[in-house]
Amino acid sequence: MSRTALRICPLCEATCGLTLTIEGTRVTHARGDRDDVFSKGFICPKGASFGAVDADPDRLRTPLVRRDGELREATWDEAFDAVAAGIRPVVERYGPHSVGVVLGNPNVHTMAGGLYPPVLLAGLGTRSVFTASTVDQMPKHVSSGLLYGDANAIPVPDLDHTDHLILIGANPLESNGSLCTAPDFPGKLKALKARGGTLVVIDPRRTRTAKLADRHIAVRPGTDALLLAAMAQVLHDEGLVEPTPHVQGVDEVAEALREFTPEAVAEACDVEADVIRVLARELAAAPTAAVYGRIGSCTVPHGTLASWLVDVLNILTGNLDRPGGALFPQAATDRTPRPAGPGRGFALGRWHSRVSRHPEAKGELPLSALAEEIDTATEEGEPVRALLAVAANPVLSAPDGDRLDKALDSLDFMVSVDPYLNETSRHADVVLPPPPPSQSPHHDFAFNTLAVRNQVRYTRPAVPLEPGRMAETEILARLILAVTGMHGADPGAVDQMVIDQTLGKAVREPHSPVHGRDPGELAAQLTGDNGPERRLDMMLRLGPYGDGFGARPDGLGLEKLLAHPHGIDLGPLRPRLPQPLKTGSGQVELLPGPIADDLPRLRAALAERPEGLVLIGRRHLRSNNSWMHNVPALTGGSNRCTLHLHPEDAERLGVRDGDPVRVKGAGGEVTAPAEVTDAIRRGVVSLPHGWGHDRPGTRLSHASTDPGVNVNQLLDGRMLDPLSGNAVLNGVPVECAPAAEKLVPLT
Ligand SMILES: Nc1nc2c(c(=O)[nH]1)N[C@H]1C(S)=C(S)[C@@H](COP(=O)(O)OP(=O)(O)OC[C@H]3O[C@@H](n4cnc5c(=O)[nH]c(N)nc54)[C@H](O)[C@@H]3O)O[C@H]1N2
Ligand SMILES: Nc1nc2c(c(=O)[nH]1)N[C@H]1C(S)=C(S)[C@@H](COP(=O)(O)OP(=O)(O)OC[C@H]3O[C@@H](n4cnc5c(=O)[nH]c(N)nc54)[C@H](O)[C@@H]3O)O[C@H]1N2
Ligand code: SF4
Ligand SMILES: [Mo]
């Protein structure tokens, strides 16, 4: 007997609603949920493989605990006993900063990852915090923090209504979109064109997205900040500026960017000055337009400046905060909006990393600095001696995995919360495996704040927890207790503490719908089957659409959401300024100090030209970072770890399609088969990331049959965007040669 159940897909940022067919406890089929208020039936090959991802036989079923040097199966009690016994002495002897925490990308795709890591960090009090954000979007957070006073206030392009869209360093036809949650992103691009709109793609590769574009600008990697600065300069120079209201600093930006003329940047970007002028004029002339930048604009030496300039262009053309432009979503679990007015602003560099003195950003240190924070002693402070890795595989996703491998081996103690025994978790002393997604509840705390339409959805586990499994929410709650000296306490105490604190604060806030009420009385009203559900109920009821615990009877709460299994539509993105601003002035601060201070570095880049080849990345639709190569249905075909290079470069190197090519960078060397293609710019080569599954001691039986190579071994972790600490992953100088020959730089 089969049945169906709804499940929001956690496999990328698009958050499509799926209808799962379940036989017994096994997901046998997945299709798009046509009644989903947001995704309306869309599904991609990854979502269609939900059952295979879910049922991967290599997923760990029990905790593993290291005994006599070997990871062995253990009970949950044994595992948490081992965690407490391993971490507490380190904290007590060396202090909280000696325990590092690494949070990986899947935390934004699970309810547990949304609810517990903040409590874990606060409870530990460690400054040794590293996340996937600093190999990804940290530049956008820093830019938003400086512009709007809130690092999480990220404007999202209004895909459904815009007339003109500029995509910079983004390939949504493969990635399905990022920092822009939009099921069927490809369909939305086609709809834009069908309604007469214009699509511009700026990317050194002629990607599938670029092939859809009206204009494709094959920019030189790493030079987008120059290109965008020149576009802003043209807007000023030609009197095309009509800025968004609530903005200060427009004239100052004009002055600061004066010398970045199209002629000045053309050679560095390898884009003709006239083309840059046209890009700026078309942007200004469009009735509505949105500029949007992603990985290719963030993971570069001027990532924060490029991210800032994306918003500067939206602001100068009046497209920020207007329908058809780029707007701030309002999610159902956002805090109750406070009245507009000056805020506390955004501080950078409140502390620094111990070894290389990198400034913190958003409370984090660069993931690129993790290895040195473990393996390098300094006069001041303790190195990281113990590590908690939650949904993180930095051995493959961060620079110089070989060094990190050794560093992780040298730790006093390490815990991984991970479903796989992989390149990173193999170093752990305790591995705590979460259940597969079919057995987990789902709500998108993160992506609803980045969605192209306001909406809210929640799906309960589609399949009951298998005997012996523990919900990831409970795993993280118990982990918090074990590492903060409360080992063995009831995990529900963690949720209760958060609820008490949140309600206690809400009743004191004058703008809160529950101002002046009794927190105990509010807590008693919460519904839900367990702690995480009660927390979701609380957030919904306190939130901008919530019932305010009775203050707005028609408003949202968990019960109402459960009564709408396909979700509740909350309408299109709407203008919200000045309310989201938390800058000291209460206005958008267009030329923040740290940005102005970084402009001389961009000026110096006007004269820079790479001497040889530069490396960029790429993604494949049937893959996801480092952890989906173990699913046979999602591997093979064009989803391979090959080195893309232009036919002319191949000829100069004497490389033919399929030949092994040695690639050497500052951090090491790898050999990958050549895939000769004119879809890439001359002088640029591309390798995908997340490969390199050939390390011993892992349990990835399919992935290890076609392991690929770890592109991040080419990096040494020293190339960073200085403002954000973000790794430079694109535009990296490399040398290439046929595998048999000696390496020579190509000039
Ligand atoms: N060269 C290069 N490097 C890159 C990038 C690039 O473009 N180029 N991209 C970067 C980006 S954008 C990112 S986000 C990072 C990602 O970096 P990471 O977050 O380190 O890597 P992931 O492969 O996303 O997955 C991390 C781990 O989560 C585990 N996992 C999967 N599902 C779950 C779950 O439900 N719960 C738990 N607890 N764990 C789970 C996986 O088994 C895996 O070990 O990589 C970055 N690295
Ligand atoms: N299928 C699939 N989907 C994914 C992921 C995945 O691994 N696979 N990962 C998820 C994650 S964690 C993220 S963060 C998102 C990322 O989402 P996207 O940013 O859309 O991801 P990419 O496909 O890496 O697109 C980046 C593009 O930037 C281009 N590029 C490289 N360097 C430069 C440059 O200097 N300038 C410009 N203008 N372009 C440049 C590359 O050629 C590439 O086409 O995708 C998410 N979705
Ligand atoms: S687009 Fe993303 S969310 Fe939608 S089905 Fe595919 S992987 Fe899942
Ligand atoms: Mo990412």
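A polar contact is a pair of N or O atoms within 3.5 Å; within protein, one of the two must be able to donate a hydrogen and the other to accept it. By this criterion, ten residue pairs, both members at pLDDT 80 or more, are in polar contact across the interface of domain 2 and domain 4. The model in which they are found is predicted.

The two partners belong to a chain whose domain assignment gives domain 1 (2–54), domain 2 (138–333), domain 3 (492–566) and domain 4 (610–738). Taken over C-alpha atoms, the centres of domain 2 and domain 4 are separated by 27 Å. Domain 2 brings 26 residues to the contact, and domain 4 brings 24 residues.

Between them, domain 2 and domain 4 bury about 2,000 Å², with 57% of this area on carbon and sulfur atoms. Two salt bridges are also found across this interface. Arg 681 forms a salt bridge with Asp 270, in which the closest N and O atoms are 3.1 Å apart. On the side of domain 2 that touches domain 4, at least two residues come from each of helix H6 (138–148), helix H7 (172–175), helix H14 (295–298) and helix H15 (303–316). The residues of that side comprise 13 nonpolar, seven polar and six charged.

Attention now turns to the ligand. Ligand 1 is surrounded by 28 residues, the closest being Asn 105, Asp 418, Asn 422, Glu 472 and Ser 626. An oxygen atom of ligand 1 lies 2.8 Å from a backbone N or O atom of Asn 393. In Ser 397, a side-chain N or O atom is 2.7 Å from an oxygen atom of ligand 1. Val 417 places a backbone N or O atom 3.1 Å from a nitrogen atom of ligand 1.

How values were computed:
Residues are numbered from 1 along each chain as its sequence is written. Chains are lettered from A and ligands numbered from 1 in the order in which they are written. This is a predicted model: local features need pLDDT of at least 70, side-chain atom pairs count only at pLDDT 80 or more; totals for chains, interfaces and linings use all residues. Side-chain values use heavy atoms; hydrogens and water are left out. Domain bounds come from an automatic or database domain assignment. Contact means heavy atoms within 4.5 Å. Buried area is the accessible area (1.4 Å probe) that two parts lose on being put together, summed over both. A salt bridge is a side-chain nitrogen of Lys or Arg within 4 Å of a carboxyl oxygen of Asp or Glu. Helices (H or I, at least four residues) and strands (E, at least two) are DSSP runs, numbered from the N terminus. Ala, Val, Leu, Ile, Met, Phe, Trp, Tyr, Cys and Pro count as nonpolar, Asp, Glu, Lys and Arg as charged, and the others, Gly among them, as polar. A residue is near a molecule or strand if one of its heavy atoms lies within 4 Å of it.
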